[in-house]
Amino acid sequence: MENSTEQVLKKHGLKNTRQRNVVLEEFFKSNNALSQPELEKRLKGEMDRVTLYRILSSFEESGILHSILDRQGTMNYASCNASCSAAHHHDEHLHFNCDNCHKIFCLDVKIPAVNLPAGFQVAQLSLTATGLCDTCS
Ligand SMILES: [Zn+2]
Ligand SMILES: [Zn+2]
Ligand SMILES: [Zn+2]
């Protein structure tokens, strides 16, 4: 059983507000990443664009959501791994951007560690595959 939205907010030190719960609920219901324009459509009338933007930023900062850029350069957000926190994100999994439905999926495929030349320090590592998702293929 998935944690409730209230529990997730509490665990990440965020105040429990109705709007935060509403946004988080959308991520619990979706099995693919969501962009801000997509969320605006779904939450029409619930909150303005600035509020939504602030909620998404606070979720990303506190380790509830991680962001993925799609091929069009639009930022998408997806639920984090349970071990993510404000200090560290652990979302080193493969992302899949479908060429047909344009959805982004987090896949349970770990990105292998990369060996970089001396002096380079990785802060974030991302890998996005493109092609057809399991619905479109
Ligand atoms: Zn994360
Ligand atoms: Zn697809
Ligand atoms: Zn992901």
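**Exercise 1.** Is His66 buried or partly exposed, judged by relative accessibility?

*Solution.* This is a predicted model, in which local features need pLDDT of at least 70, side-chain atom pairs count only at pLDDT 80 or more, and totals for chains, interfaces and linings use all residues. Residues are numbered from 1 along each chain as its sequence is written, chains are lettered from A and ligands numbered from 1 in the order in which they are written, and side-chain values use heavy atoms, with hydrogens and water left out.

Take the cut-offs: buried is under 20% relative accessible area, exposed is over 50%, and partly exposed is in between (1.4 Å probe, protein chains only). His66 has 5% relative accessibility, so His66 counts as buried. Cys106, at 32%, counts as partly exposed.

**Exercise 2.** Describe the site of the zinc ion (ligand 3).

*Solution.* Start with the donors (N, O and S atoms within 2.8 Å of the metal, or 3.2 Å for Na, K and Ca; water is not among the atoms, so sites may look incomplete). They are His66 (NE2), His93 (NE2), His95 (NE2) and Cys106 (SG), at 2.0 to 2.2 Å. Their spacing along the chain is H-x26-H-x1-H-x10-C.

Now the angles. Four donors count as tetrahedral if all angles lie between 85 and 135 degrees. The four donor atoms here subtend 102 to 114°, so the arrangement is tetrahedral. The ideal angle for four tetrahedral donors is 109.5 degrees.

**Exercise 3.** Which protein donors hold the zinc ion (ligand 1)?

*Solution.* The donors are Cys80 (SG), Cys84 (SG), His89 (ND1) and Asp91 (OD), 1.9 to 2.3 Å from the ion. Their spacing reads C-x3-C-x4-H-x1-D. Angles of 101 to 119° make this site tetrahedral. Cys84 is buried, with a relative accessible area of 2%. His89 is partly exposed, at 30%.

Notes:
Four donors count as tetrahedral if all angles lie between 85 and 135 degrees; four count as square planar and six as octahedral if opposite donors are over 155 degrees apart and all others between 65 and 115; anything else is irregular.
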